[in-house]
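The exercises below ask a reader new to this structure to follow contacts between side chains, and each task is followed by a solution worked in steps.

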Amino acid sequence: MSVLDGIPGSLLRKPSGKSEDELERIPSNYKPLHSFRLDKDKSYQQQFADMYFLRLTKIKPAVEELASTTWEGAVIGDEPVKRVERVLDIRQGELCWVAGTVYMDMPLKPNILEDVSKDRWLSAPISEKKYFSEEDQDAVTLEDESGRIRLVGDVLRSVILVTGCIIAVMGTENVNGELEVIDLKFPDLPPQPDRWAVSKPLATNSSGAKGTKTKLKIKDEDTEMTDSNSKGSGGKIAIVSGLEFSGSDASHAIELGLLLEYLLGESLDPAAQQELSQISRLIIAGNSISLEERRAPDEGTEKKAHKKYGYDSSSYNALPSQLLDEFLYSLLPTMPVTLLPGAQDPANASYPQQPIHPAMFPNSRPYAAAPASSEVGWFDTVTNPWEGEIEGWRFLGTGGQNVDDIFKYVNSDDRLSMMEAMCRWRCSAPTAPDTLWSYPFQEDDPFVMQTCPHLYFVGCQPEFGTKVIEGPDGQTVRLIAVPSFSATQEIVLVDTETLDVTKVKIAAV
C-alpha cells in the first residue's frame with residue numbers, strides 16, 4: 001500500500017523539517033524600442049498614398065539589387081532580359097523585369113469609395129470574411145509612381161501576395177496588355193543585428209558578451225514543439241494572448257486562475273517550482289478583454305437609459321478591466337509584465353495601436369513608469385506592433401491583426417507561412433492602410449523592417465505553431481504563432497539562450 005509521502009510530486013505530505021531555500025525569480029534584461037510610438041499631436045488630415053510611396057522608396061533598392069544579381073545577363077529563348085525603370089516603360093513582346101508595389105483587385109474586398117458614395121459615413125466593423133474569391137475573380141497588379149499593369153501566370157499561384165508588398169517581376173507583355181510573369185523576387189530578410197546590439201548583459205548573466213554573434217540552433221521542430229521537458233541553459237520568457245477577461249462568460253475562469261497560480265509558482269511540486277522561477281517576464285500579446293463586452297446591444301432592444309454626450313453609461317461594464325487589473329496586480333510583485341493591446345482591447349483601432357493607458361489599471365499602475373519618464377517600468381504597456389530587446393535578442397511582436405488581415409487575402413490556413421512572407425517582404429503590416437486601418441504616415445513607414453528580428457511572435461492565433469527561417473546572409477528568425485488562451489488554454493515559453501519554444505497546456509482535470 002502506497003502512502004502520500006511516497007508519491008513523486010505530491011504536495012500532500014508532512015513537513016520535512018528541513019529549511020528550504022527561498023526561490024528567487026531570475027532578473028529580466030529588457031530594453032523596449034519605441035519604433036511604433038506616435039506623437040501626441042498627431043494629425044489625420046493627410047492622405048494615405050504617401051505611405052505606399054515611402055514603402056516603395058525604402059524597399060525597392062533591396063529587391064532591385066537582388067533581382068539584378070539574379071537576372072542580369074540572363075537569356076531566355078535567345079532573348080536577353082533587360083531592366084525597365086518604370087511600369088509604363090514595359091513594351092509588348094520585350095522580355096524585361098521591373099519592381100513595384102502589389103495591389104490586389106478583389107471584388108469581395110471592402111471599398112471605402114463605395115461606402116462614401118452611398119452616404120455611409122460611419123466606419124463599418126472589421127469583417128471576418130475572406131476577400132479571396134474561389135471563382136478566380138481576383139486580379140494581381142503591379143504599380144509604381146508611373147502606372148499599373150496586371151500580372152498573370154502560373155508562378156503567381158505558388159506564392160503569397162497581398163496588397164502593399166514590394167516585389168520584382170520578370171516577364172513579357174501580351175496582346176491584352178498583361179505582364180505574363182516568368183519569375184519574381186522578394187526583398188528577403190533585412191540585415192540582422194548582433195545579440196546585445198542595444199542593451200548590455202547583466203553582471204549575473206552568463207550569456208555571450210556584447211557584439212558576439214549567436215546563431216539559433218535549427219532543429220527538426222519547424223512545425224510544432226508540444227509540451228516537452230526541454231531545458232535550456234538560460235531563463236524563460238512566457239508569452240500568452242487572448243486572455244479575454246469577461247464580466248459574463250466564465251467558461252475559462254478556472255483556467256485563468258490556474259494560469260495565475262502557475263506563473264506565481266503556487267502550484268506543482270518543488271522541482272517544477274524551481275523551473276518556474278526561471279520565467280523572467282510575461283508578455284501579453286493582445287485581446288485581454290472579451291469581445292462580448294464591446295458588442296453593441298441588439299437593434300430590437302429598447303434602450304431606456306438616457307444618453308449624455310452620446311455615451312450610455314448603462315452599456316459599459318467595468319468588470320472585465322477590473323479582473324485584468326487584479327490578475328496583473330497579483331503577478332507584478334514577482335514578475336515584470338509587457339502588455340500589448342489587441343483588436344478587442346480599450347485602445348485605438350488603427351495600426352499602430354498605442355499603449356493602453358495605465359489609468360485603466362488603478363491597482364497595477366504604481367508598477368508602471370512615471371509619465372514622460374525615460375526609465376522602463378516593471379509594468380510596461382507598449383504599442384502593437386512592438387519591438388524590443390530581451391536578453392540581447394531582438395523581439396518583434398503583434399497582437400495578430402496583421403496576420404488575420406493577410407489570412408483574408410489568400411486561400412490558405414498556414415499562419416506561419418504568412419509570418420514568413422512578411423519577414424521576406426520586409427514589412428510587418430503590408431495591407432495597411434488598404435484593408436488594415438492605419439495612421440497616415442507622411443515621413444516614414446514604421447512597418448518596414450529595417451532590421452531582422454531574432455524572434456517574431458504573433459498573438460491571438462487559432463493554434464500554436466513555430467518554425468525557424470533562414471536568410472541569404474545567415475539570418476535566422478524564430479517564428480511563433482501564439483494561440484488564444486481563451487480557446488486553447490495554452491501559453492508559450494521561450495528559452496532566453498537558445499530561443500527554443502515549449503507549449504504549456506493549462507487545464508482543469
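**Exercise 1. Determine which elements are joined by the salt bridge between E490 and K503, and whether its two residues are buried or exposed.**

Step 1. The side chains of E490 and K503 form a salt bridge with an N to O distance of 3.6 Å, where a salt bridge is defined as a side-chain nitrogen of Lys or Arg within 4 Å of a carboxyl oxygen of Asp or Glu.

Step 2. E490 belongs to strand 19 and K503 to strand 20, 13 residues apart, and the pair links distant parts of the chain; strands are DSSP runs of E with at least two residues, helices are DSSP runs of H or I with at least four, and both are numbered from the N terminus.

Step 3. Both E490 and K503 are buried, a word that stands for under 20% relative accessible area, with exposed meaning over 50% and partly exposed in between (1.4 Å probe, protein chains only).

Before going on, note that this is a predicted model, in which local features need pLDDT of at least 70 and side-chain atom pairs count only at pLDDT 80 or more, while totals for chains, interfaces and linings use all residues. Residues are numbered from 1 along each chain as its sequence is written, and side-chain values use heavy atoms, with hydrogens and water left out.

**Exercise 2. Describe the aromatic pair of F186 and W425, and then the surroundings of W425.**

Step 1. The whole structure contains ten aromatic pairs, counted when rings of Phe, Tyr and Trp (its six-membered ring) have centres within 6.5 Å, with planes under 30 degrees apart called stacked, over 60 edge-to-face and the rest tilted.

Step 2. F186 and W425 form an edge-to-face pair, 6.4 Å from centre to centre and with 80° between the planes. F186 is in the loop between strand 9 (179-185) and strand 10 (236-240) and W425 is in helix 7 (residues 415-425), so the pair ties together parts that are 239 residues apart in sequence.

Step 3. W425 counts as buried because its relative accessibility is 1%. Leaving out residues up to four places away in sequence, W425 touches I59, I160, L161, V162, C165, F186, P187, I406 and P430, where contact means heavy atoms within 4.5 Å.

Step 4. The residues F36, Y351, Y439, F441 and F447 form one aromatic cluster, and within this group both Y439 and F441 are buried.

**Exercise 3. Work out where T398 lies and what its side chain reaches.**

Step 1. T398 is part of strand 15 (residues 393-398), and it is buried, with a relative accessible area of 0%.

Step 2. The side chain of T398 reaches the backbone nitrogen of G400 at 3.2 Å.

Step 3. When neighbours within four places in sequence are set aside, the contacts of T398 include Y351, N384, P385 and Y456.

**Exercise 4. State how many helices and strands the chain has, and what percentage of its residues is buried.**

Step 1. The chain has eight helices and 20 strands.

Step 2. Of its 509 residues, 50% are buried.

Step 3. Among contacts in the chain with a separation of 6 or more, 74% are between residues 24 or more positions apart.

Terms used: A polar contact is a pair of N or O atoms within 3.5 Å; within protein, one must be able to donate a hydrogen and the other to accept it, and residues adjacent in sequence count only if both atoms are side-chain atoms.
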